Amino acid sequence: MRLFVLSCLFLLAVSCREDAITNSGVETPAAPETELDRWIDTTFRIPYNIRVEYRWNSDAMDPGHTTVPPREELVQPFLQAVLNVWLNPYIQVAETGADFMKDYTCRQLNLVGSGSYNQGSVTLGLAKNGYTITLYTVNWFDLAANTVKKETLREYFRTMHHEFGHILNQRKPYDPNFQRITGNYSADWTALNDKQARELGFISAYARSADVEDFVEILSYYITYSDEEWQQLIGSIQSVRGQEYIRLKTQSVVSYMKNTYGVDLLRLRGEITTAIEIMVNDK
Amino acid sequence: MRYLVCFLLLTSMVACQNETQVFEQEPVERRQAFFERFQAALIAPGKGWIMQYFPTGGESAGHNLFMNFNATYEVTMGASHAFTSNVYAEHVSRYGLTVEGAPVLHFTTYNAVLHSFSDPDLNEAAGDFEFIIADFTTDFIRLKGKRHNADVCLTRLDDTDGEEYIRRAEATKNALFALRSPALRLRVGDRAYTFGEGHTSVFKIREEGADSVRNMAYIALPDGFRLYAPFEAGDAKVQTFRWNDDRSLLICSDAGVNAAIGSSVDDATAFFLSSLEMNSSYSWNVQPAALHGVFADAYARINASYQTQNQAFDGFVLTYKPGIQGLALSFKGRNAATPHEGAIGINLALEAGFADRVRFTDRNAADANGQRFLNNYDGARDFLSALCAGSYTVTVESPLQLSKFKFASDLNPDDRFELTLY
């Protein structure tokens, strides 16, 4: 009887093999490759393993926010700026050169045309899981038409470096003592403006939202301002304690980048600010 | 143990029962076949498609968007709306087909013609640019907005270019629904409904004798209009209306429905006269391009006279002017960038014994600028004299278009002019 039962069980196991799982994945028609797709392939995917999504893909978007796709004609000039102001400076400065970006950059870069609006603020960029960076407001940057001002460019590239800073932090944590320099983080960060936040030792209002934001805000401000501009910014803070806090935080970020990633922030700042100047002076 | 054996035998029999093959193809193959058929319809020869697009469903204006798809997933879109500065413009972008529970047509790169309605940088972002494909044939596609659930349809253009279609639809809207045009009246059986506020692109519909008002957006067609959704009028459901041959009515073209829209005004000339009664805020433009006979001659001389004084004449308007306590033939002009205007008092009355004849008379009540105008500009006094000479027969192109009236002199029918409402 035991043998019979086993036979039955065996039959049960084999009799349904006809229904073996086949390819049931969602297959949708693929849009043919364009010149832009080929350029992205040779400029981002092959050298750095970055997949760039510029066509609308609702799976990659937050359904809670209304956004729109980018204008196709703005995508290549925008990505060229990403290359010049983000990837290339790190490659020039990192001890491991191009391998640095191959190892640490995001695997997917999503481009969105509009801003992503919240109550009283607009999100310009978003980093997720150390894997994806989403850059919003691409449609604001008609870089080929040379209509974008330096401050706007700087603010945007700061966002880019801010998001990349998150990816670096998500891969290798920074010194937990950083968050104790000022403490005093608050979800109600919009209550203060940048100037007020600086007096308390935060480089921006948003830096006050959490220590992870504070860390990457220091990083992104520091490397997108020339030495002169940076000294001017710090000098504009009236509170001596506020200045001191920001200096301590900056030292912490500089050490982290040097010791953890082999990136000299002073040199990186030189590369980035020069790249921004070139873009501005090309106009 | 016996029960266990029976159970296992039973289970194995059930498990191995042949499944009935409902479809000949695998789901993936069927999906691909669907997309191939759908794209074949999209790109089939013709002049493209018109998308009847209601960004917020039935709550705001519908827009005609021209779309021409190609096999390489490019789409040319054209429209004339606020986001194109109300000038017809075309832009090229990309579209895609995907599956998100249901097959979806989405527009994957930005096109100002469509995405502007959803762009949070521009407005409150109420529109859709991703659509579930609900149904399609070779000349009609029904879509459902993915985010806002709006019903959208595409109709194939075979004979008319997209731009021409949109131009004609706009002309229909302007003709039927000029600002201050009187409401239309729908009759279905023994029920009647007024369709008001057409110029806002959203009708206020009220059953005559009832108080409640229902809002319903519509989209203009080259030969009529279509409501966003069927409107329930008693037992009938009406949605699409098209001109009849003499353009006196809009006939419901929905299958099995006997309904028509006419004017809510029974007497066009009486409406015109009432629009110019004391304290009325109606104004009627004298159309320069529609002046004939003595009017054309006098108007040309006024223009020339302005030019010799290095000024520009901007035309006449017929309206009530409190400053001269009555109806006025008012005029506007410019000296470089400095505008001026004046008023010449006239009277207007129905000609005794006629329902469609009116007579203008000079009240000798011009304001100071009006006096200067009559004294200093060649042709001005002749224009006024011609207007006040004899009676005029009043006609309208259609009782549905009470925004344009034609006046022909009963003394000499070649002396004609037109007034348009604004």
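These legends describe close-up views of a predicted model.

Residues are numbered from 1 along each chain as its sequence is written, while chains are lettered from A and ligands numbered from 1 in the order in which they are written. In this predicted model, local features need pLDDT of at least 70, side-chain atom pairs count only at pLDDT 80 or more, and totals for chains, interfaces and linings use all residues; side-chain values use heavy atoms, with hydrogens and water left out.

**View 1. Chain A and its confidence.** Chain A has an average pLDDT of 87. The pLDDT is the predictor's confidence in each residue, from 0 to 100. A score of at least 70 is reached by 89% of the residues. Confidence is lowest in helix α1 (residues 2-15) of chain A, with a mean of 38. Over residues 1-26 of chain A the pLDDT is below 50. Beyond near neighbours in sequence, this stretch has 26 contacts in the model. A contact means heavy atoms within 4.5 Å. Where pLDDT is low, the predicted coordinates should not be read in detail. Confidence in chain A is highest in helix α7 (residues 211-224), at 97.

**View 2. The make-up of chain A.** Chain A has 10 helices and 6 strands. Helices (H or I, at least four residues) and strands (E, at least two) are DSSP runs, numbered from the N terminus. Of the 283 residues in chain A, 50% are buried. Buried means under 20% relative accessible area, exposed over 50%, and partly exposed in between (1.4 Å probe, protein chains only). Take the contacts in chain A between residues at least 6 apart in sequence: 70% join residues at least 24 apart. The accessible surface of chain A is about 13,700 Å². Carbon and sulfur atoms account for 50% of that surface. Accessible areas come from the Shrake-Rupley method with a 1.4 Å probe; for residues, only the protein chains shown count as cover.

**View 3. The largest nonpolar core.** This core has 75 residues. A nonpolar core is a set of buried Ala, Val, Leu, Ile, Met, Phe, Trp, Tyr and Cys residues joined through side-chain atoms within 4.5 Å. Trp86(A), Tyr90(A) and Leu109(A) have the most contacts inside the largest core. Helix α3 (residues 72-93) of chain A gives the most to this core, with 13 residues. Leaving aside neighbours within four places in sequence, the contacts of Leu109(A) include Ile50(A), Leu79(A), Val82(A), Trp86(A) and Ile133(A). A second, separate core has 42 residues, among them Phe313(B), Phe383(B), Phe407(B) and Leu421(B).

**View 4. Met257(A) and its neighbours.** Met257(A) sits in helix α9 (residues 240-261) of chain A. Met257(A) counts as buried because its relative accessibility is 1%. Leaving aside neighbours within four places in sequence, Met257(A) touches Tyr90(A), Leu168(A), Leu219(A), Gly262(A), Val263(A) and Leu265(A). Met257(A) and Ile40(A) are 217 residues apart along the chain, and their C-alpha atoms are separated by 28 Å.

**View 5. A nonpolar patch on the surface.** Tyr117(A), Val122(A) and Trp140(A) form this patch. Together they have about 260 Å² of accessible area. Patches are made of residues with over 30% relative accessible area and no salt bridge; like charges are joined within 9 Å, nonpolar side chains (Val, Leu, Ile, Met, Phe, Trp, Tyr) within 5 Å. Trp140(A) lies in the loop between β6 (132-135) and α5 (150-171) of chain A. Its relative accessibility is 39%, so Trp140(A) counts as partly exposed.

View 6. The whole structure has 32 salt bridges over all chains. A salt bridge is a side-chain nitrogen of Lys or Arg within 4 Å of a carboxyl oxygen of Asp or Glu. Arg45(A) pairs with Asp41(A), the closest N and O atoms being 2.7 Å apart. Both lie in helix α2 (residues 35-48) of chain A, 4 residues apart, about one turn of the helix. Arg154(A) and Glu151(A) meet in another salt bridge, at 2.4 Å from N to O. These two residues lie in helix α5 of chain A, 3 residues apart. Arg154(A) is buried, at 4% relative accessibility, whereas Glu151(A) is partly exposed, at 44%.

**View 7. A salt bridge in chain B.** Asp382(B) forms a salt bridge with Arg301(B), with the closest N and O atoms 2.4 Å apart. The pair links distant parts of the chain, 81 residues apart. Asp382(B) is in helix α8 (residues 380-387) of chain B, and Arg301(B) is in helix α6 (residues 294-308) of chain B. Asp382(B) is partly exposed, at 39% relative accessibility. Arg301(B) is also partly exposed, at 25%.
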